[in-house]
Amino acid sequence: CPFRFYADRVLGLRRLRPVLDEGTRATEVGSAVHEVLEHLSEMNSETLITAAVNRHRLNDMGAARLRAAIASFNASDFVCRLREADTVAREARIAVSLGETDLVGSIDAVAWEGDRALVIDYKTGENQQLSRSAERMEHYLLQAQCYAIAAFAAGAQSVEADFVFLEQGAQSVSFDFQRTQEGELRASIER
C-alpha cells in the first residue's frame, strides 16, 4: 500500500500499541483496591467490591483483579494485626516538616500496638523491574523513612513499615525503625 509505505518509511510512523481498556488500568484498579480496604472493617467486602467496580467502571478483568487483591489481603497476616491493634487509622493524613519541605499526604493504614506503629502501604500492579526483594528494599526505603518520621511525630517509639504487594500474594517488603534513628533518618532525607 503506497500510503503505508509513506507513513512507515517517510514519516517514520509506527502502528499504535493497543491501550488497555478502561477499567483495567493500574490506577483505576489501585484506586478501587484502596477504597475497599479503607472501609473493609465497616462493611461486607462483597458490597464494597461491587460498589467500587461500579464507581470505577471496572471491566471484568479489572473486577477480577480487585477481587483477587482483596482476597490476597484478607488471607494475609496483616488482617489479624490490624484487627488486634489498639487503634487503626486508615488513610491517615500526615504533615511533617523535613528541612525546608513540608511532607503532606496520607498513609493507607497505621495500626498502633502500644507505642509501636505498624504502617501498611498497599501496592497494586506488578513492576517487573522490582522483582527481587533487594531491589524493592532500595526502591521503597525513602518512602519508609518518611513514614517512620511521620509516625515518630505522632508518638511512636518504633515503626514497622510494610509495603504489601496485593497482586503478588500479599508479599511484603518490611522496614523497622527505632525512635533513636530519627535524627539519622532526617539527615539522610534532607541531603
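1. Parallel pair. Strand β3 (residues 116-123) runs parallel to strand β4 (residues 158-165), and 8 bridges join the two. Strands here are DSSP runs of E of at least two residues, helices are runs of H or I of at least four, and both are numbered from the N terminus. Two strands pair if DSSP finds at least two bridges between them. Within this pair, Ile120 stands opposite Asp162. Leu118 faces Glu160 of β4.

2. Basis of the model. The model is predicted: local features need pLDDT of at least 70, side-chain atom pairs count only at pLDDT 80 or more, and totals for chains, interfaces and linings use all residues. Residues are numbered from 1 along each chain as its sequence is written, and side-chain values use heavy atoms, with hydrogens and water left out.

3. Buried means under 20% relative accessible area, exposed means over 50%, and partly exposed lies in between (1.4 Å probe, protein chains only).

4. The sheet. β3 and β4 belong to an open sheet of 5 strands, ordered β1-β2-β3-β4-β5, with mixed pairing. The edges are β1 (87-98) and β5 (171-178), each of which pairs on one side only. From one strand to the next, the twist averages 35°. As a general point, strands of a sheet pair through backbone hydrogen bonds, either parallel or antiparallel.

5. First hairpin. β1 and strand β2 (residues 101-113) run antiparallel, joined by 11 bridges. Arg90 stands opposite Ala109 of β2. The two strands form a hairpin with 2 residues between them. Gly99, in the turn, has a positive phi of about 60°.

6. Val110 stands opposite Val119 in β3. Again 2 residues lie between the strands of the hairpin. Gly114 takes a positive phi near 70°.

7. Helix packing. Two packed helices are described by the angle between their axes and the distance between the axes. Helix α6 (residues 133-153) packs against α7 at about 135°, with the axes 10 Å apart. That makes α6 oblique to α7. Axes are lines fitted to C-alpha atoms, for helices over the stretch in contact, and angles run from 0 to 180 degrees between N-to-C directions. Angles under 35 degrees count as roughly parallel, over 145 as roughly antiparallel, 65 to 115 as roughly perpendicular, and the rest as oblique. The crossing of α6 past α7 is left-handed, that is, the near helix is turned anticlockwise from the far one by less than a right angle (clockwise would be right-handed).

8. The contact set. On the α6 side, the residues that meet α7 are Leu142, Gln145, Cys146, Ala148, Ile149 and Phe152. Their partners in α7 are Glu182, Leu185, Arg186, Ser188 and Ile189. Contact means heavy atoms within 4.5 Å. Helix α7 (residues 182-190) also lies across β1 and β5, running at about 60° to β1.

9. At 9% relative accessibility, Gln145 counts as buried. Leaving aside residues up to four places away in sequence, Gln145 touches Phe177, Leu185, Ser188 and Ile189.

10. Whole chain. The protein has 7 helices and 5 strands. From the N terminus, the elements run α-α-α-α-α-β-β-β-α-β-β-α. Of the 191 residues, 42% count as buried. The protein exposes about 11,300 Å², of which carbon and sulfur atoms supply 51%. These areas come from the Shrake-Rupley method with a 1.4 Å probe, and for residues only the protein chains shown count as cover. Among contacts between residues at least 6 apart in sequence, 58% join residues at least 24 apart.
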